[in-house]
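Trainee: Hello! Could you help me learn to read a protein structure, one feature at a time?
Mentor: Gladly. Let us look together.

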Amino acid sequence: MKAKDASEEQLKKDLAELEELYGKYKAKHLHLNISRGLPCKEQLDLNAEMFHILDEKNCVAEDGTDCRQYGVIYGLPECIKLFSDLLHIPEERIILGGESSLNLMYDQMLRIYNWGMLGEKSWSRQAFELSAEGKKLKWLCPVPGYDCHFNLTEALDFEMINIPMLETGPDMDMIESLVKDDPTIKGIWCVPQYSNPTGTVYSDETVERLAKLDTAAKDFVIFWDNAYAVHHIYKENVIKDIFKAAAPYGKEDRILYFFSTAKITFPGSGVCMMASGDEMIRETKQLLKLQIFSHDKLNQLRHVKYLKSPENIISHMKKVAEILRPRFDMVDNILREGLRYSDLYTWVKPDGGYFITVDTYKGTAEEIVTMLEQDGVKVAIVASTYPYFHDPDDTNIRLAPTYPPIEELRTAMEFFCIAANLVGIRHILQERGAL
Ligand SMILES: Cc1ncc(COP(=O)(O)O)c(C=O)c1O
């Protein structure tokens with residue numbers, strides 16, 4: 001039943017009960033934080049062996065490279081091969097970065113911003129020229145999405161356009177109609193598998209349509225951030241290969257594919273990679289020479305020795321899934337049991353990834369998050385899943401079940417449900433003029 005259809009008397013009764021319950025949780029003086037998408041200690045502990053895998057006699061790569069030394073700027077061949085075998089991308093299309101894919105995305109964005117790509121003017125020049133007409137370059141942002149992506153395109157002064165996320169991925173009809181005649185739209189953020197935060201897995205049709213997208217801009221790019229490619233929890237989804245889909249149309253160079261081991265081994269100490277078409281890789285390699293002699297090859301070697309093979313990575317991720325599954329089950333159960341009326345919040349249990357998003361009753365998300373934070377539980381950053389921190393319907397909250405100790409997660413989620421019910425019912429009563 002919907003709260004909207006419930007009687008005023010019933011809702012007031014609910015409200016009184018919820019206020020009492022809320023008071024009980026508030027009186028516990030909690031200090032909990034479930035807003036961060038970090039691996040928990042048990043997940044990190046799985047990788048203890050990594051600390052013992054390299055020593056001074058054991059730091060030479062397969063081709064004899066001494067990994068303590070400068071050089072091998074684009075990454076150790078055996079580490080490139082590991083990513084290539086795992087993700088089915090040809091080795092020559094892969095460049096390794098440092099410890100963070102976000103850093104690599106930043107670098108790639110800035111490279112195109114400063115130098116342009118495939119013979120087109122740099123984005124900075126194009127932005128400067130457009131500014132004379134009071135216009136900006138634009139960027140497509142599937143929403144809800146990842147705040148770090150949006151922060152970067154905001155900092156570069158792109159006008160960000162919200163693209164609704166459907167069950168199949170971003171709304172392709174909208175994307176196709178926007179990009180076909182507007183050369184100022186330069187790119188799109190995509191997290192195609194278990195997207196942050198909705199857990200969406202892009203359908204084959206979505207991947208196909210993105211791969212062949214007809215754009216007015218010759219320098220349109222797809223930032224394909226496949227951060228959760230192997231983070232299955234309930235089901236091993238496989239998405240369509242975007243490079244293969246783009247090949248018949250000659251559009252591989254616009255795909256900028258990112259991946260990292262941040263949430264396989266250690267965040268902040270992982271290895272990341274970028275892949276693209278031949279020409280984009282050639283241009284990127286040229287520019288990379290201005291930037292660095294080599295990334296951390298010891299870390300690359302450590303990862304190869306530890307992760308060994310795609311099969312081993314998949315079996316490692318099964319262990320990670322065993323740690324994460326009880327957490328996701330618990331959040332899902334608490335949300336289900338706590339829901340008083342079907343219109344107070346909705347959520348989807350994802351097949352994998354790191355997050356569960358909840359959509360609360362329209363116009364209440366900020367109030368719920370702020371209220372809980374004041375009372376000791378940080379569940380999310382207000383509106384962080386939307387560009388400019390502006391959630392037009394004020395409904396979306398990203399929950400991150402992966403990190404806190406499980407009992408803390410339980411308490412935080414119970415408190416969250418009470419708050420979401422309470423604020424939702426209060427709003428409905430206010431809309432009726434009954435409060
Ligand atoms: C979609 C997505 N991309 C990238 C990252 C960051 O990855 P890295 O640690 O490799 O920079 C995250 C981390 O939460 C993420 O959710």
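Trainee: How many cavities of 30 Å³ or more does the structure hold?
Mentor: Start with the general idea. Rolling a probe the size of a water molecule over the atoms shows where empty space is left. Keep in mind that this model is predicted. It holds 3 cavities of 30 Å³ or more, and the largest cavity has about 70 Å³ of space.

Trainee: Which residues lie nearest the centre of the largest cavity?
Mentor: Pro142, Gly145, Tyr146, Trp189 and Val191 do, out of 13 residues that line the largest cavity. Helix 6 (147-155) and strand 6 (185-190) each give at least two residues to this lining.

Trainee: How many residues of that lining are nonpolar, polar or charged?
Mentor: The lining of the largest cavity has 9 nonpolar residues, 4 polar ones and no charged ones.

Trainee: Which way do strand 11 and strand 13 run?
Mentor: Strand 11 (residues 356-360) and strand 13 run antiparallel, joined by 4 bridges. Asp359 stands opposite Asn396 of strand 13.

Trainee: Is Lys138 buried or exposed?
Mentor: Lys138, found in strand 3 (residues 138-143), counts as buried because its relative accessibility is 18%, and the cut-off for buried is under 20%. Leaving aside neighbours within four places in sequence, the contacts of Lys138 include Phe158, Glu159, Asp182 and Lys186.

Trainee: And helices? How many residues of helix 11 are buried?
Mentor: First, the general idea. An α-helix has 3.6 residues a turn, so residues three or four places apart point the same way. Helix 11 (residues 297-307) is mostly covered, with 8 of its 11 residues buried. Among them are Lys297, Gln300, Leu301, Val304 and Leu307. Their cover includes helix 3 (77-87), strand 2 (94-96) and helix 12 (310-338).

Trainee: Finally, into which domains is the protein chain divided?
Mentor: Domain 1 takes in 3-43 + 321-431, and domain 2 takes in 61-308. The contact between them uses 27 residues from domain 1 and 27 residues from domain 2. Their C-alpha centres lie 32 Å apart.

Key: Residues are numbered from 1 along each chain as its sequence is written. This is a predicted model: local features need pLDDT of at least 70, side-chain atom pairs count only at pLDDT 80 or more; totals for chains, interfaces and linings use all residues. Side-chain values use heavy atoms; hydrogens and water are left out. On a 1 Å grid over the protein atoms alone, a cavity is a set of points where a 1.4 Å probe fits but cannot get out, and a pocket is an open set with protein on both sides within 12 Å along at least five of seven lines; lining residues have an atom within 4 Å of a point. Grid points are joined across faces, edges and corners, and a volume is the space filled by probe spheres set on the points. Ala, Val, Leu, Ile, Met, Phe, Trp, Tyr, Cys and Pro count as nonpolar, Asp, Glu, Lys and Arg as charged, and the others, Gly among them, as polar. Two strands pair if DSSP finds at least two bridges between them. Buried means under 20% relative accessible area, exposed over 50%, partly exposed in between (1.4 Å probe, protein chains only). Contact means heavy atoms within 4.5 Å. Domain bounds come from an automatic or database domain assignment.
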